[in-house]
Amino acid sequence: MKATEKQSGFKKAAEEARHLKKKRWTAGQKKEAWWGLLFVSPFIIGFFGFMFLPMLFSFVGSFTNYNVTSRMDFIGLTNFRRMFTQDELFTTSLYNTAYYVAFNVPLTAIGSVFLAVLLNRKIRGIRIFRTIFYLPAILSGVAVYVLWMQLLSPSSGLINTILSWVGISGPSWLFDPQWTKPALILMRLWSVGGAMLLYLATLQNVPKQLYESAEVDGAGFTRQFFHITLPMITPIIFYDVVTSTIGAFQIFQEAYVMTEGGTGGPANSLLFYNLHMWNQAFVAYNMGYAMAMSMILFLIVLSLTFINLKLAPRWVHY
Amino acid sequence: MLGTSLKPMEEIVRFPPTIFPETIQWSNYIETVQAFPFFRYMRNTMLITVFVVAGNVLSNSFIAYGFAKISFPGKNILFALVLATMMVPGFVTMIPQYILFTQIGWVGTYLPLIVPSFFGSAFFIFLMRQFYMSISNELVEAAKIDGANHLYIWSRLMLPLTKPALITVGIMSFNGAWNDFLGPLLYITREERYTLQIGLQSFQSQSTTQWNYLMAGATLVMIPTVLLFFFAQKYFIDGMDLTGGTKG
């Protein structure tokens, strides 16, 4: 009798303790959760206020003829139909942007990997070279475009002057519709330093033993590069390609400044997607149409990112 | 560029062009500063930049602390959402944001340029979170046992400890704000509120042939960024290293 009483007393105490512990634990957990929410709340508010709700508005707005002043009428798929069947400038801008992305993304990736491998050595003064190559990456904005407009000037620009020394008469770059986009792609290459630094940091994390054993096996520089270096940095190449594809689709400022306020340059050869969208939204005030364009842009970027993610397992080594 | 900014106009139009100026004309700088309200634009730009840097440093440090040091339900999903916002092109949200700021009467003021920086940005949150991860959790636990709450831990313990990362975020957002062209182009309507980037652009479209003045102006605009780069190189490189070391 006594024993069972004692036993049940124990049980009770244990249960009580467990209960107490559980209760205290949840209370602490709850408090902790509130703190967590408090700390991340600026992001949540910002996400809804500046991203999610605006995008929802854009989505709804893309089916309307909203133009700031008149009211918003629901016009169904008219905007999208107009985009693909009537608006020739839309097709031009899409082509220009695709052209730019197709050259800019791979060239930047190759250029920055090349530079990073080149500068990943232990030589005296290598830091100075790294600084020189990185500096242009942090310089951006109008000043840089002004500088490049001068460099690319057909008669007095530095680039054509240098070309003339080797007997090539350079193109008229920003004044020739054939050469405007290559000129811009060339200009963008000047900022490969940012990605270069990213690769450089990764290259320094590649285990030295890999190279040592490759050398023992008699593998030369090229074989080492293609069989060790490149596979080891594929995750960063992947990250770089995904982000620079998104970035390249956003090309706007360069074209806006270099074509005298967004006119699109000779024969609309620099009328990029975002420039066209900008002109529709803030010059012509066809907000509904521009919002429809922004939705298409979002779809394009989203599907390219998705394709990148799907293709990744084929070449990215984790 | 420096060369051209110091050349007299006659030398620029001469053919073949010279790479180094034959006659150095420092007065180009003085005339440029007088040709457009350079100092007013600089004051405007500095005002915006100070607020944007403060906003980015504070908000991202705050948000990242929540993600790194506090456990709460749904944290991982929310962090995935942070990363996903990096994939949304700015142009997709630009038009509705503009409509929003028009509706609340902020267009023409600096508020649309400043206020969003107080709500965090994905890349900086990521960067700061990585840095917090390198700080031991025991520190937070010990402080909690001593009765400190998270606000206290963040402001008194973490802010001093994460100084290098804060400086990196600060420098990057300084550069972003100083070089921002799109934001001011969209939201600033009155000429006396122009920033340097907009000022330079309108100066450029007004005087396409005055290369020497234009180059002098461009040089002046770039000086702060270049100076900052040379003084704080380490932090630029650390910022990249952080992403490089952890993403790989």
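The model is predicted.

**Annotated segments**

For chain A, UniProt (unreviewed entry) places the feature "transmembrane region" at residues 33-57, 98-119, 131-151, 182-201 and 287-309.

| Segment | Helix | Strand | Distance between end C-alpha atoms |
|---|---|---|---|
| Chain A, residues 33-57 | 100% helix | 0% strand | 31 Å |
| Chain A, residues 131-151 | 86% helix | 0% strand | 22 Å |
| Chain B, residues 77-101 | 84% helix | 0% strand | 29 Å |

**Chain A**

Chain A contains 13 helices and zero strands. Its radius of gyration is 29 Å, whereas the globule rule gives 20 Å for 318 residues; chain A is therefore more spread out than a compact globule. The C-alpha trace of chain A spans about 110 × 75 × 35 Å along its principal axes. Of the 318 residues in this chain, 36% count as buried. When contacts in chain A between residues at least 6 apart in sequence are considered, 69% of them join residues at least 24 apart.

**Chain B**

Chain B has 15 helices and zero strands. Of its 248 residues, 46% count as buried. Among contacts in chain B with a separation of 6 or more, 77% come from residues 24 or more positions apart.

Helix α11(B) can be examined in more detail. Its 17 residues, at 1.5 Å a residue, should span 24 Å, and this agrees with the 24 Å found between its end C-alpha atoms. The helix α11(B) is mostly covered, with 13 of its 17 residues buried.

**The contact between the chains**

Chain B contributes 66 residues to the contact and chain A contributes 61. On the side of chain B that touches chain A, the elements giving two or more residues include α4 (38-69), α11 (163-179), α14 (211-231) and α15 (233-247) of chain B. The most is given by α15(B), with nine residues. By type, the residues on this side of chain B comprise 41 nonpolar, 22 polar and three charged.

**The nonpolar core**

Which residues touch the most other members of the largest nonpolar core? They are A:Met196 and B:Ile125, in a core of 136 residues. The element that gives the most to this core is α4(B), with 12 residues. Setting aside residues up to four places away in sequence, B:Ile125 touches A:Phe43 in the other chain, together with B:Asn60, B:Ile63, B:Ala64, B:Phe67, B:Val82 and B:Gly120.

Apart from neighbours within four places in sequence, A:Tyr134 is in contact with A:Gly193, A:Met196 and A:Leu197. A:Tyr134 belongs to helix α4 (residues 126-138) of chain A. Is A:Tyr134 buried or exposed? It has 23 C-beta neighbours inside 10 Å and therefore counts as buried, the cut-off being 20 or more. Between A:Tyr134 and A:Gly194 there are 60 residues of separation in sequence, but their C-alpha atoms are 6.2 Å apart in space.

**Two residues with positive phi**

Two loop residues of chain A deserve a separate note. A:Ala267 lies in the loop between α11 (253-258) and α12 (273-283) of chain A. Although A:Ala267 is not a glycine, its phi is positive, at about 50°. This residue is exposed, with 12 other C-beta atoms within 10 Å.

A:Tyr285 lies in the loop between α12 and α13 (287-315) of chain A. Its phi is near 55°, again a positive value in a residue other than glycine. A:Tyr285 has 15 C-beta neighbours inside 10 Å and so counts as partly exposed.

Note on methods: Residues are numbered from 1 along each chain as its sequence is written. Chains are lettered from A and ligands numbered from 1 in the order in which they are written. This is a predicted model: local features need pLDDT of at least 70, side-chain atom pairs count only at pLDDT 80 or more; totals for chains, interfaces and linings use all residues. Helices (H or I, at least four residues) and strands (E, at least two) are DSSP runs, numbered from the N terminus. Two residues are in contact if their C-beta atoms, placed from the backbone, lie within 7 Å. Ala, Val, Leu, Ile, Met, Phe, Trp, Tyr, Cys and Pro count as nonpolar, Asp, Glu, Lys and Arg as charged, and the others, Gly among them, as polar. A nonpolar core is a set of buried Ala, Val, Leu, Ile, Met, Phe, Trp, Tyr and Cys residues joined through C-beta atoms within 7 Å. The radius of gyration is taken over C-alpha atoms; the globule rule is 2.2 Å times the number of residues to the power 0.38. The expected span of a helix is 1.5 Å times one less than its number of residues. UniProt positions are given in the numbering used here, feature names are shortened, and annotations may be inferred rather than shown by experiment.
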